[in-house]
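Take a look at the chain below.

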Amino acid sequence: MDSTPSSDAGRSFARRDLLRSIESKVQKQWEEAEVFKADSFEKTPEEGEKFFGNFPYPYMNGSLHLGHAFSLSKLEFASAYHRLCKRNVLLPFAFHCTGMPIKASADKLLREAKQYGIPPVFPSLEDSEIISVSSVNVPETGETAPDLFRSRRSKATAKSGGQKFQWEIMKSLGLSDVEIEKFRDPHHWLTYFPPFAKDDLKAFGLGCDWRRSFITTDTNPFYDSFVRWQMNTLRSLGKVIKDTRYTIFSPLDGQPCADHDRSSGEGVLPQDYVLIKMEVIPPFTGKLKQLEGRKIFLAAATLRPETMYGQTNCWVLPDGKYGAYEVNETDVFIVTERTALNLAYQNLSRVPEQPTCLVELTGYDLLGLALQSPLSFLKVIYSLPMLTILTDKGTGIVTSVPSDSPDDYMALKDLKSKPALRSKFGIKDEWVLPFEVLPIINIPEFGDKAAEKVCVDLGIKSQNDKEKLEKAKKLTYLKGFTEGTMLVGKFTGKKVQEAKPLIKNILLEMGEAVLYSEPEKKVMSRSGDECVVALTDQWYITYGEDEWRKIAEECLASMNLFSDETRHGFEHTLSWLNQWACSRSFGLGTRIPWDEQFLVESLSDSTLYMAYYSIAHLLHENDMYGSHISSVKPEQMTDEVWNYIFRDGLLPKKTDIPSSLLAKMKQEFEYWYPFDLRVSGKDLIQNHLTFCIYNHTALLPKKHWPRGFRCNGHIMLNSEKMSKSTGNFRTLRESIEEFSADATRFSLADAGDGMDDANFVFETANAAILRLTKEISWMEDLLDAESSLRVGPPSTYADRVFANEMNIAVKLTEKHYSGFMFREALKSGFYDLQAARDEYRLSCGLAGMNHDLLWRFMDIQTRLLVPICPHYAEHVWKEILKRDGFVVKAGWPIAELPDQTLKMANKYLQDSIVAFRKLLQKQSASSKKSKKEASLKKEEKKPTIGLIYVTEKYDGWKSDCLKILQSKYDKDKHCFAPDPEILSALKESPLGNTNFKQVQKLCMPFIKFKKDEVLSIGIQALDMRLPFGEIDVLQENSHLIKRQLCLEHVEILSSTNDDARHKAGSFISLLTQNPPSPGLPVCIYLTRDEYGPF
């Protein structure tokens, strides 16, 4: 649904432009009056007196889009609601520039300018495909960790293609070549995008205290000082250590690649393997002959070292590309190129970080090699072909344990049973036929040859039966790990999960295996290279440490997370999160204070900055860069000063900051903290948000721990994934220009509130434009017709109902806003209220609408829409209602407790009118004769009389059924007794004295209906009569019924009154066939002749 000139041709944008002009005017008024400025008070706020909410600052390498706006809207709506309720509200906003994406993009521009000129002349598509970064396909080990089972996908397809040039990306943002040149300097990004984003957010109507805005990195000396204090304090608490660990690493950047440094693969961790060294037995032949004198090993990555006792052979991919890579002066590993690169970054290459390939090989070169493998009971095993080895994991060399691996069992069986297959690959019989399955582990249910049993049970025919083999693995792997018992080796009798680490240590100590790690899945850095796992010596924050984790769990338990799914996400993250590399050597940011060769990475300088908001305005003086001269200098913000403000530290003795200013800083922090809410996408649970909990519990007193996180899903546009590549994408600015700010906000509120992906619908935004502008017009017309309205206090039934509907809207919308259910708030505070107004207008008829009620309606609807459509609300408040001040701070509307009985009575009335109308239409249609006769006798035959019969109380067998249900309902558990018990009670009642089968046939449908009704409306469904007088309601609204049904005369009658029943005349059978019951009146329609004079 892109807006294009052709699709827009003929369309009028007057309504949208009206909203945009209103927005521009209102935003200017807000700014001049500093409406969103928030300051602390000396007195500590009472519960509910203040609201401090925040949002993860967005990364400044581009424009804000609707994905940002969707998450942010949750905070904006919540803050606006609390502000409307006259609470002291702080909503600050900052801009994240730390890390490598900006630097990487700037460097790309430098390279492109150097290679292609300025402005660059890029090569054609064919050429660009040649120079583009290609992904590397890697053979798969064929193994899956039994304690971390993942389904294995089919062989990855090699992908290569044109990578979009950074210059083109910048041009797509509307920048000229002259402007793009400036972005070769990474610091230019910091001066361009943050102000641009700020303008967009102002146009959106964000209720932000912009005095507190800032950017990150050492460009901002105050924030730089804050982060240095944070890191120093963590280190002093023993929370930062230096260690050598496996880390996802970008070779091109020369540094670890954290989640926010990745273009794909966020959340991917290193996968650790044991690399089994299967030595090639001399003499060497073929291509390996030139390696005489070296020790050559086929290196197989395994997750199951305990199964090495059962090896019968080794697998290679015949068409796979391998190499003999130098590990040290004597040892050579045969692996894939990708594995060799990972090994080179793990100190397993003669030349660090540069794998040296001595001989290039294919799988065919490796077939039939005689091998000596660690722990194997067989002195010699052979390398054989396996056609299903995947190429995106491991080394491409796979150990074969057919006793416990279904894949291995079927591949070996295929070779044994198919001479043609052996012949195809030149496999000699003696390499295969003598080798049988070796039992090594006993698994309950599957015995000591688990793979064979499961393959037979599932009817697997060959190694190509992938789906069944996946199922077989799921059945055997996890159960083998958790319940299996070792049958052989030093640890015979031990459980597999106990023996596994012990056997692994033996292999490592004997030098028959080494540790190896690689990314769980493919990871691409923002610089465009595929990442490896490197063994790096760097600084780590000790997340996951036992005592710290317990404190973090305590904090989490006290927080409001708004959904069980969110809580489970945090609990899961806390269960696995471990030490986090917090240092980088490339990019923008703050230097590690004690080791300035490193920078603090982008997920480690963004965990406590919510506290910085509380005093930022006292440091920056309206300058987000912290560069203007203020009453405080950056160098004055020592660790002692920060400790005094945030950690209840002692008043610094050596500081020249005025004590009054220090006290003001401390007051600001103590007033606003803890923050009440942090809103974020659910993808940040696994890192940023959990880090936030850890850092707050370590650095701040318990009274300042976070109170709440609210997480949401991603947003789709028109039910499709938002994607730049498909064009289904909108920046925030584009959406405001296309729909207006309030219509954008309206559609964001309507998009959804849960953890599932929400849906921003363009049609909803366009409909909002129409609805809001039409409502303005209606109010203006109402003012013009003010003198025609009924004056005096509300007095009619319609008045009472409308007033009650407004009370309901106020209370229900308050509940939804406070529960952060903004779609429901929009429904109750706008859609339902509009429907109530329209119904009131229809119900009033000639008596007219009440002036005071309509003015109250305009006041209430305006206030209820403030959080979602504040510009519209402000316009109505000032220009139509002529109120003083700003509606955004006007206070929540006052309402009486809703009268639920009156609501039920009105629903009864409206439902009855609908039912009466359907019956009248049906009766009129069935009584029609030929067109000619119908035309001649139209007046005589048209029903103009309505006799409405009412039964206000259940009696007879229905009364008996209700009494039984009342006795069989548990009010504490909110459930009925089992049906057999109800049926038994029915049989024992007076009704059971007659033909019970007939009684069942008569009563059970009614009993089921009433049970279902209890589930929907509650126990009152079992009452003998409705909580209001049906006859009274219908009589009071008889004029409405007449008008709605176009009748001349209506009578409300009791079905139990003989005289009333007599009025039905020959139509009395209708009452017999379809008798009225409480809540279900029956209407009989008559012509004048049939009714007689009246």
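A polar contact here is a pair of N or O atoms within 3.5 Å; within protein, one atom must be able to donate a hydrogen and the other to accept it. Keep that in mind for the interface. Note also that this is a predicted model.

Start with the layout. The domain assignment gives domain 1 (270-519), domain 2 (763-902) and domain 3 (911-927 + 940-1086). A UniProt annotation from an unreviewed entry, "domain: Leucine--tRNA ligase RagD-binding", covers residues 950-1026. That span is 57% helix and 6% strand. Its end C-alpha atoms lie 12 Å apart.

Now turn to domain 2 and domain 3. Their C-alpha centres lie 35 Å apart. Seven residues of domain 2 and eight residues of domain 3 make the contact. About 590 Å² is buried between the two domains, and carbon and sulfur atoms give 50% of this area. In domain 2, Tyr797, Leu842 and Thr901 lose the most area to domain 3. Together they account for 71% of what that side buries.

Which pairs hold charges or polar atoms together here? The rule finds three residue pairs in polar contact across the interface of domain 2 and domain 3. It also finds one salt bridge there. Arg800 forms a salt bridge with Glu1036, with the closest N and O atoms 3.1 Å apart.

Finally, look at the side of domain 2 that touches domain 3. Helix H26 (797-818) and helix H27 (822-844) each supply at least two of its residues. H27 gives the largest share, three residues. By type, the residues of this side are three nonpolar, three polar and one charged.

Technical notes:
Residues numbered from 1 in each chain as written. Predicted model: local features only at pLDDT ≥ 70, side-chain atom pairs only at ≥ 80, totals over all residues. Heavy atoms only, no water. UniProt positions renumbered as here; feature names shortened; annotations may be inferred. Helix = DSSP H or I, 4+ residues; strand = E, 2+ residues; numbered from the N terminus. Domains from an automatic or database assignment. Contact = heavy atoms within 4.5 Å. Buried area = accessible area lost by both parts, 1.4 Å probe. Salt bridge = Lys/Arg side-chain N within 4 Å of Asp/Glu carboxyl O. Polar contact = N/O pair within 3.5 Å; in protein donor to acceptor, adjacent residues only side chain to side chain. Nonpolar A, V, L, I, M, F, W, Y, C, P; charged D, E, K, R; others polar.
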